[in-house]
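Reader: I am new to reading protein models, and I would like to understand how labels are given to parts of a structure. Could you take me through some of them slowly?

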Amino acid sequence: QVQLVESGGGLVQAGGSLGLSCAASGSIFRIAAMGWYRQAPGKQRELVARIISGGSTTYVDSVKGRFTISRDNAKNTVYLQMNSLKPEDTAVYYCYAAVSSSAWARLYDYWGQGTQVTVSS
């Protein structure tokens, strides 16, 4: 089993910044990708940003230029720096990781418990 523990989030005014972090632990052989999804009330969960093991990143268009995802492979930790926050960024943010537990095991997706980000106008 793999556990993802998130930290960060909270309440910030529009234009402000917040940082999220997510540490993976447990039966980990390889983490192929880590990232962040978010879900706002009444909306579907959407991918915010993802970083794969080689370092390549993907962002949803609405956060490009404002959010930065990074990863510390030695610590199995992913970070999301969020700048110039907007009220529409308000959501529960979920960390995820695609993990294999051995050289022969397939990848499984694991999820964090979610952390609330609220941006006031």
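**Aromatic rings and a buried arginine**

Author: Let us begin with Tyr37, Tyr96 and Trp111, which form one aromatic cluster. Please keep in mind that this is a predicted model.

Reader: What makes the pair of Tyr37 and Tyr96 edge-to-face?

Author: A pair of aromatic rings is described by the distance of the centres and the angle of the planes. The ring centres of Tyr37 and Tyr96 are 5.4 Å apart, and rings pair if their centres lie within 6.5 Å. Their planes stand at 80°, and because an angle over 60 degrees counts as edge-to-face, that is the name this pair receives. The pair also links distant parts of the chain, since Tyr37 belongs to strand β4 and Tyr96 to strand β9, 59 residues apart.

Reader: Why is the pair of Tyr96 and Trp111 called tilted?

Author: Here the centres are 5.7 Å apart and the planes meet at 35°. Planes under 30 degrees apart would count as stacked and planes over 60 as edge-to-face, so with 35° the pair of Tyr96 and Trp111 is tilted. This pair, too, links distant parts of the chain, with Tyr96 in strand β9 and Trp111 in strand β10, 15 residues apart.

Reader: How do you know whether Tyr37, with 22% relative accessibility, is buried or partly exposed?

Author: Buried means under 20% and exposed means over 50%, so Tyr37, at 22%, counts as partly exposed. Trp111 has a relative accessible area of 37% and is therefore partly exposed, whereas Tyr96, at 7%, counts as buried.

Reader: What makes you say that Arg45 lies over the face of Trp111?

Author: Arg45 is placed at 4.9 Å from the ring centre of Trp111, and the distance cut-off is 6 Å, with a further condition on the angle to the ring normal. Arg106 likewise lies over the face of Tyr108, at 4.1 Å from the ring centre.

Reader: How do you know that the side chains of Arg38 and Ser62 make a polar contact?

Author: The contact between these two side chains is 3.3 Å, and the cut-off for a pair of N or O atoms is 3.5 Å. The side chain of Arg38 also makes a polar contact with the side chain of Tyr93, at 2.9 Å.

Note on methods. Residues numbered from 1 in each chain as written. Predicted model: local features only at pLDDT ≥ 70, side-chain atom pairs only at ≥ 80, totals over all residues. Heavy atoms only, no water. Phe/Tyr/Trp six-rings, centres within 6.5 Å; stacked < 30°, edge-to-face > 60°. Helix = DSSP H or I, 4+ residues; strand = E, 2+ residues; numbered from the N terminus. Buried < 20%, exposed > 50% of the residue type's maximum accessible area, 1.4 Å probe, protein only. Lys NZ or Arg CZ within 6 Å of the ring centre and 35° of its normal. Polar contact = N/O pair within 3.5 Å; in protein donor to acceptor, adjacent residues only side chain to side chain.
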